[in-house]
Amino acid sequence: PIKRIDVPSIEDMLRVDTRVMEAQVYVDAHQKLIIDVEQRRPIARVINSRNDQFYMDRNGRYIQISDHRAVRVPVVTGYVESLKAGESLASKPRLKEALSILHLIRKDEFLTALIEQIHVESTHRIILIPKVGDERIILDHLDHLDHKLKNLKRFYKELARSNSWKKYKEIDISYRQQVAAREFVTP
């Protein structure tokens, strides 16, 4: 019977799952059990240097990894902090930086299509890794990040015009007013 269903327990069980943002469970006027679930949407998968793995949503909240399927989102790797369910990013500066970068990338269709991975080195230098090509995009700090990403877009448009996609090993956008590129050395 519908009266024997423990609605609050079902709701609590759903809310414990980190993939669930909001859950409402109730019995409607027709005596039907209604379960309304809003799912968290991951924007990045994190795999840190200790091999801790989890997803983060747009607010920097922890989402557990599912054993059943992977979500196609950019990957954050390297020397970033671990995050657990319910923890805040307040004391996790590397994860906060990665989230800031992800927010700016997601606002731009070109950058979303370009960037596949954000890697944080032990020195805290940030490397952006594109989906296509062998180059590495160097980003030492986040000051004026929006301007640096605009410069990067202009640089890639120039690469497209000159058809020199495989020419560069590194593209350094660490400085606000310039893009420095280092070519591959061929023997």
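Which residues are linked with Arg15 in a network of salt bridges? To find out in this predicted model, select Glu11, Arg15 and Glu22, which together make up the network.

**Stop 1: the network**

Start with helix H1, residues 7-16. Glu11 and Arg15 are four residues apart in this helix, which means that about one helical turn separates them. Their side chains meet in a salt bridge, with an N to O distance of 3.6 Å.

**Stop 2: a pair from distant parts of the chain**

Select Asp108 and Lys153, whose side chains form a salt bridge at 2.5 Å, N to O. The two residues are 45 apart and link distant parts of the chain: Asp108 belongs to the loop between H2 and helix H3 (109-114), and Lys153 to helix H4. Asp108 is buried, with a relative accessible area of 17%. A search of the whole structure gives ten salt bridges.

**Stop 3: the sheet**

Switch to a cartoon view and trace the open sheet of nine strands, in the order E5-E4-E3-E6-E7-E8-E9-E10-E11, with mixed pairing. At its edges stand strand E5 (62-63) and strand E11 (180-183); each has a single partner strand, so one side of each has no neighbour in the sheet.

Zoom in on strand E8 (residues 126-130) and strand E9 (residues 136-139), an antiparallel pair joined by three bridges. Here Leu128 stands opposite Ile137 in E9.

**Stop 4: helices on the sheet**

Show helix H4, residues 145-162, which packs on the sheet and touches E8, E9, strand E10 (168-172) and E11. The direction of H4 makes about 150° with that of E10. Then show helix H2, residues 93-106. This helix lies across E3, E4, E6, E7, E8 and E9, and runs at about 145° to strand E3 (42-48).

**Stop 5: a nonpolar patch**

Finish with a surface view and select Ile5, Val27, Leu33, Ile35 and Val37. They form a nonpolar patch on the surface, with about 340 Å² of accessible area together. Which strand gives the most to the nonpolar patch? Strand E2 (residues 33-39) does, with three residues. Ile35 is found in E2, and its relative accessibility of 43% makes it partly exposed.

Conventions: Residues are numbered from 1 along each chain as its sequence is written. This is a predicted model: local features need pLDDT of at least 70, side-chain atom pairs count only at pLDDT 80 or more; totals for chains, interfaces and linings use all residues. Side-chain values use heavy atoms; hydrogens and water are left out. Patches are made of residues with over 30% relative accessible area and no salt bridge: like charges are joined within 9 Å, nonpolar side chains (Val, Leu, Ile, Met, Phe, Trp, Tyr) within 5 Å. Accessible areas come from the Shrake-Rupley method with a 1.4 Å probe; for residues, only the protein chains shown count as cover. A salt bridge is a side-chain nitrogen of Lys or Arg within 4 Å of a carboxyl oxygen of Asp or Glu. Buried means under 20% relative accessible area, exposed over 50%, partly exposed in between (1.4 Å probe, protein chains only). Two strands pair if DSSP finds at least two bridges between them. Contact means heavy atoms within 4.5 Å. Axes are lines fitted to C-alpha atoms, for helices over the stretch in contact, and angles run from 0 to 180 degrees between N-to-C directions.
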